Amino acid sequence: MNDKAEHKAEELKGQAKEKVGDATGNEQWQAEGKADQGKGALKQAADKVKDAVKGHKD
C-alpha cells in the first residue's frame with residue numbers, strides 16, 4: 001500500500017473508532033479516533049505539499 005492510501009486509511013480508521021466510541025460512550029475511543037483522524041489528515045496535507053513541490057520541479 002502506498003503512503004497516500006495508508007494516510008487515508010488512518011483517517012478512516014479514526015472516523016470509525018470515534019463512531020464506535022460515540023455509540024458506546026467510550027471517551028477514550030472517541031479521543032483516539034479524533035487523534036487518528038487528525039494524524040491522517042495532517043499526513044495527507046504533507047503528501048499534497050510534496051506533490052506540489054514535485055510538480056513544480058518538473
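Q: Is Lys13 buried or exposed, or partly exposed?
A: Lys13 counts as partly exposed, because its relative accessibility is 46%. Buried means under 20% relative accessible area, exposed over 50%, and partly exposed in between, with a 1.4 Å probe and protein chains only.

Q: Before I go on, what are the ground rules?
A: This is a predicted model, where local features need pLDDT of at least 70 and side-chain atom pairs count only at pLDDT 80 or more, while totals for chains, interfaces and linings use all residues. Residues are numbered from 1 along each chain as its sequence is written, and side-chain values use heavy atoms, with hydrogens and water left out.

Q: OK. Which side chain does Lys13 meet in a salt bridge?
A: Asp36, at 3.9 Å from N to O. Lys13 lies in helix 1 and Asp36 in helix 2, so the pair ties together parts 23 residues apart in sequence. A salt bridge here is a side-chain nitrogen of Lys or Arg within 4 Å of a carboxyl oxygen of Asp or Glu. Helices are DSSP runs of H or I, at least four residues, numbered from the N terminus.

Q: And how does Asp36 count, buried or exposed?
A: Buried, because Asp36 has 7% relative accessibility.

Q: What else forms a salt bridge with Asp36?
A: Lys17 does, with the closest N and O atoms 3.4 Å apart. That pair also links distant parts of the chain, 19 residues apart, with Lys17 in helix 1 and Asp36 in helix 2. Shared partners join Lys13, Lys17, Glu32, Asp36 and Lys39 into one network.

Q: How many salt bridges does the whole structure have?
A: Seven. One of them is Lys8 with Glu11, at 3.5 Å between the closest N and O atoms. Both lie in helix 1, three residues apart, about one turn of the helix.

Q: What is Asp47 in contact with, leaving aside neighbours within four places in sequence?
A: Asp3, Lys4 and His7. Contact means heavy atoms within 4.5 Å.

Q: Where is His7?
A: In helix 1, residues 3-24. His7 counts as buried, because its relative accessibility is 13%. Across the sequence, His7 and Lys39 are 32 residues apart, yet 8.1 Å apart in space, C-alpha to C-alpha.

Q: Last one. How many helices and strands does the chain have?
A: Two helices and zero strands. The C-alpha trace spans about 50 × 20 × 10 Å along its principal axes.
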